[in-house]
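Visitor: Could you take me on a close look at one part of this model, the aromatic rings?

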Amino acid sequence: MVIPRTGIGIDVHAFDTEALAESSPQEPGGLFLAGLHWPGERGLAGHSDGDPVAHAAADALFSAAGLGDLGTHFGTDRPEYAGASGTTLLREAARIVRSAGFEIGNIAVQFVARRPKFGPRRAEAEAALTEAAGAPVSISATTSDGLGFTGRSEGIAALATALVYPLQ
């Protein structure tokens, strides 16, 4: 009998105060979230593009397969991933999980933030991350009603679950 495995991933990134000062809708910068670029929104600090939704999804895959975590595979000691997009990291995480003998059932992610307004781009974001993972990805968003670092607009947090199953 094949028994599916579940995993949890969490990722948090603070807003980049320098990006806030330098970013504008007319020049590069802005936020990378859920596999999408959000020009004109304040960017997040990070070794890669700082996309907490894509990073939590990748971390959940590693957790489900028992393959470590995001830092194990894409840590700051890996210069080749500096500035990498969240979709690149998710695509590579899915490849690693499949190479270890698993298939991906699905990934679900919820992020907590006051901005950006996510609903109008939900389908686009789900399509981008589904393509990167090669499996269904659903994304939801919520606020923390003004509480905590997300409520104070200091950063964005994301929590993901993933279902994988062994191919044997």
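Visitor: How many aromatic pairs does the count come to?

Guide: The count comes to 4 aromatic pairs, taking Phe, Tyr and Trp rings (for Trp, the six-membered one) with centres within 6.5 Å. This is a predicted model, so local features need pLDDT of at least 70 and side-chain atom pairs 80 or more, while totals for chains, interfaces and linings use all residues. Numbering runs from 1 along each chain, and side-chain values use heavy atoms, without hydrogens or water.

Let's begin with Trp38 and Phe118. Their ring centres are 6.4 Å apart and their planes meet at 35 degrees, so this pair is tilted (under 30 degrees is stacked, over 60 edge-to-face, the rest tilted). The pair links distant parts of the chain, 80 residues apart: Trp38 belongs to strand S3 (residues 36–38), while Phe118 is in the loop between strand S4 (102–112) and helix H5 (122–133). Strands are DSSP runs (E) of at least two residues, helices (H or I) of at least four.

Phe118 also pairs with Phe111, this time edge-to-face, with 5.1 Å between centres and 90 degrees between planes. Trp38 is buried (under 20% relative accessible area; exposed is over 50%, partly exposed in between; 1.4 Å probe, protein chains only). Phe111 is buried too, at 1%, as is Phe118, at 3%.

Elsewhere, the charged end of Arg42 sits over the ring of Phe15, 4.3 Å from its centre.

Note on methods:
A charge sits over a ring if NZ of Lys or CZ of Arg is within 6 Å of the ring centre and within 35 degrees of the ring normal.
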